[in-house]
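Please look through the sequence and the three-dimensional model, and then read the short report that accompanies them.

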Amino acid sequence: MNPRNGGGNPIRLLLHVPVPWVYVLSYFIGVGIERVWPSRNFLAIVLSIGAVSGFVFAMGVGIAGWGWLIFRMRRTTTVPGRESSTLVTWGPYRFTRNPMYVGLALAYLGEAGMWRQAWPIAVLPFTLAYVNCFVIPLEEARLHEVFGEGYEQYRERVRRWI
């Protein structure tokens, strides 16, 4: 099998799922667990702070949307492993190399808080680990191939997450 298309490895095959859908699917897994084993304990009470959760959700959507909009304006890809046409280093990319992923994680947390669901939060670290260990390294390798020293300088200045 061709290693570029996943080679049969389930983790590599997941790379064909757009990252926003990975967050959505993992959230739904958490919701499913929540239905089977409701988290009506102290964690659910902590998560019930609606105004804060709404703010975190809105902030996450704003950050992810800002990053996505910049990519669209620069006509560069948002698909992991595809060749980027531009190295974006401004806007939210001054603070994190992955504002779309940071924003998705914040929106995910805010959503779970608004719905008072603890299990999706328990699933989120697995999603972040997948993105951090499989998706981002693929993207970084591709960016290094395309932009070389310019990308390495950017990588030294700006953190992967926050």
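The report turns to nonpolar cores and then to aromatic rings.

This is a predicted model, in which local features need pLDDT of at least 70 and side-chain atom pairs count only at pLDDT 80 or more, while totals for chains, interfaces and linings use all residues. Residues are numbered from 1 along each chain as its sequence is written, and side-chain values use heavy atoms, with hydrogens and water left out.

A nonpolar core is a set of buried Ala, Val, Leu, Ile, Met, Phe, Trp, Tyr and Cys residues joined through side-chain atoms within 4.5 Å, where buried means under 20% relative accessible area, exposed over 50% and partly exposed in between (1.4 Å probe, protein chains only). The largest nonpolar core has 16 residues, and Tyr23 and Tyr108 are among those with the most contacts inside it. Apart from this core lies another, of 9 residues, including Tyr151 and Tyr154.

Rings of Phe, Tyr and Trp (its six-membered ring) pair if their centres lie within 6.5 Å, and planes under 30 degrees apart count as stacked, over 60 as edge-to-face and the rest as tilted. By this rule there are 5 aromatic pairs, including the two tabulated here.

| Pair | Centre to centre | Angle between planes | Type |
|---|---|---|---|
| Tyr27 and Tyr108 | 5.1 Å | 85° | edge-to-face |
| Tyr151 and Tyr154 | 6.3 Å | 50° | tilted |

Tyr27 is buried at 9% relative accessible area, and Tyr108 is buried at 4%. Ring pairs also link Tyr23, Tyr27 and Tyr108 into a cluster.
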